[in-house]
Amino acid sequence: MNSEMRCQDVRSRLSGYHDSALPPPLAGSIRLHLDKCPDCAGELAAISRVAGLVSGSMLDARPGFEERFARKLTARRAAGESWAARARLAKRLSAYAAAFLLAALVGLGPAVVRDVRDYVAPSSDAQILYLALIENGSGDQEDSH
Amino acid sequence: MSRDRENTPPRPPEPTASGPTDEYLLWVAEARTESAAGDRAFTRLVELYRSRVVSLVAAHLGDADQAEDVAQEVFLKARAALPSVREEARFESWLLRIAYRTAIDHTRGFWWRRRVSLERLAESARETALAGAAVAGAGNDPESTLLRSERSSQVRKALREVPEAFRAPVVLRDIAGLSYEEIGRILNCPLGTVESRIHRGRQALRRKLEKLLP
């Protein structure tokens with residue numbers, strides 16, 4: 001099998017070979033092929049140069065990266081804490097509001113009910129009077145017949 | 001351990017090819033705690049990984065200045081989420097996954113976030129280089145540093161032109177230094193797909209970078 005690998009098969013696996021990511025038997029076969037095939041060996045060299053260019057394009061941050069990071073971390077935490085404090089305050093205020101509403105309903109409930117009854121009562125009397133008038137009116141009409 | 005963390009704490013040892021060292025794991029464990037000591041330990045991890053995170057983000061955004069802001073955001077996210085991380089051994093790939101996703105979110109963001117000025121790219125890369133910040137064996141000679149910086153900016157420009165499906169695994173491999181298994185976990189694809197995408201990505205870059213290749 002070793003000597004029978006075709007150039008096409010070898011070339012498609014050259015990146016894996018370059019990165020030592022192939023199973024040992026396959027890597028061995030490719031190595032044997034490369035020893036005999038200068039074209040494929042040239043391909044491997046080209047891939048190696050490309051990989052070298054990419055890894056050589058590494059950047060480093062400008063000086064003071066860690067200090068800037070530490071400042072941002074502190075600011076982020078302060079912002080997070082202030083947000084959390086606001087959230088706690090909002091929670092407490094809504095609890096107070098709910099308690100106040102409940103107390104208002106319990107404490108003022110009877111007075112409110114009484115007021116409503118007082119308000120509704122005259123209107124009920126008016127309705128009674130209206131009904132009475134209607135009844136009287138219809139009675140008059142019956143009498144006239 | 002009798003380490004004096006109040007003064008300048010030592011830099012945690014970088015994970016080796018055989019895996020993270022015990023000391024490194026202790027640093028990550030300490031950084032997980034929500035305390036001043038945790039913040040100090042995390043800051044040292046920032047120092048250890050900033051170059052890879054900035055480079056990974058810059059490879060996706062193309063803009064070195066914006067990449068630094070996004071890298072800060074990556075570390076802030078990581079600091080907030082770190083206490084919930086269970087496996088210290090996977091801290092590196094966990095952090096780089098956050099970096100990758102944050103970078104992708106930015107590339108897919110609003111048009112004004114996505115906009116990349118190539119002039120600004122070259123300018124910012126030049127400034128970064130002149131600030132003496134280029135890594136990977138940069139010499140102290142300003143001219144050679146500038147040359148390297150120009151080449152790096154061309155590589156980043158070429159990377160931006162490669163479709164994301166092929167760019168992402170190349171960046172995760174050649175800049176972040178992750179294994180195919182880790183890349184597969186991050187991109188949610190099988191090893192064979194990772195391998196073929198890396199290969200196609202490199203081939204695409206090779207065509208775009210012909211001038212730079214000897």
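**Exercise 1. Composition of the two chains.** What percentage of the 214 residues in chain B do buried residues make up? Describe the secondary structure of both chains as well.

*Solution.* This is a predicted model, in which local features need pLDDT of at least 70 and side-chain atom pairs count only at pLDDT 80 or more, while totals for chains, interfaces and linings use all residues. Residues are numbered from 1 along each chain as its sequence is written, and chains are lettered from A and ligands numbered from 1 in the order in which they are written.

Step 1: a residue is buried if 20 or more other C-beta atoms, placed from the backbone, lie within 10 Å of its own, exposed if 12 or fewer, and partly exposed in between. By this criterion, 43% of the 214 residues in chain B are buried, and in chain A buried residues make up 15% of 145.

Step 2: helices (H or I, at least four residues) and strands (E, at least two) are DSSP runs, numbered from the N terminus. Chain B has 10 helices and 0 strands, and chain A has 5 helices and 0 strands.

Step 3: two residues are in contact if their C-beta atoms, placed from the backbone, lie within 7 Å. Of the contacts with a separation of 6 or more, residues 24 or more positions apart account for 61% in chain B and for 66% in chain A.

**Exercise 2. Confidence in chain A.** Which element of chain A has the lowest mean pLDDT, and which the highest?

*Solution.* Step 1: pLDDT is the predictor's confidence in each residue, from 0 to 100; chain A averages 81, and 75% of the residues score at least 70.

Step 1: among the elements of chain A, the lowest mean, 74, belongs to helix H5 (residues 65-144), and the highest, 96, to H2(A). Where pLDDT is low, the predicted coordinates should not be read in detail.

**Exercise 3. The two sides of H3(A).** Which residues of H3(A) are buried, and which exposed residues does the face turned away from the buried side carry?

*Solution.* Step 1: helix H3 of chain A (residues 24-36) has 13 residues and reaches 19 Å from its first C-alpha to its last, close to the 18 Å expected at 1.5 Å a residue, where the expected span is 1.5 Å times one less than the number of residues.

Step 1: the buried residues in H3(A) are Ser29(A), Ile30(A) and His33(A). They lie on the same side of H3(A) because they cover an arc of only 95° around the axis, the arc being that of the directions from the helix axis to the C-beta atoms.

Step 2: Pro24(A), Arg31(A) and Asp35(A) are exposed on the face turned away from the buried side of H3(A). The cover over the buried residues includes helix H1 (7-12), helix H2 (14-18) and helix H4 (38-55) of chain A.

**Exercise 4. The contact between the chains.** How many residues does each chain give to the contact, and which element of chain B gives the most?

*Solution.* Step 1: chain B contributes 38 residues and chain A 30 residues. On the side of chain B that touches chain A, H2(B) gives the most, with 8 residues.

Step 1: that side of chain B divides into 21 nonpolar, 7 polar and 10 charged residues, where Ala, Val, Leu, Ile, Met, Phe, Trp, Tyr, Cys and Pro count as nonpolar, Asp, Glu, Lys and Arg as charged, and the others, Gly among them, as polar.

Step 2: Glu68(B), in helix H3 of chain B, counts as buried because 23 C-beta neighbours lie inside 10 Å. Leaving aside neighbours within four places in sequence, Glu68(B) is in contact with Ala61(A), Arg62(A) and Val54(B). Ala71(B), not counting residues up to four places away, touches Ala61(A), Arg50(B), Val53(B), Val54(B) and Val57(B).
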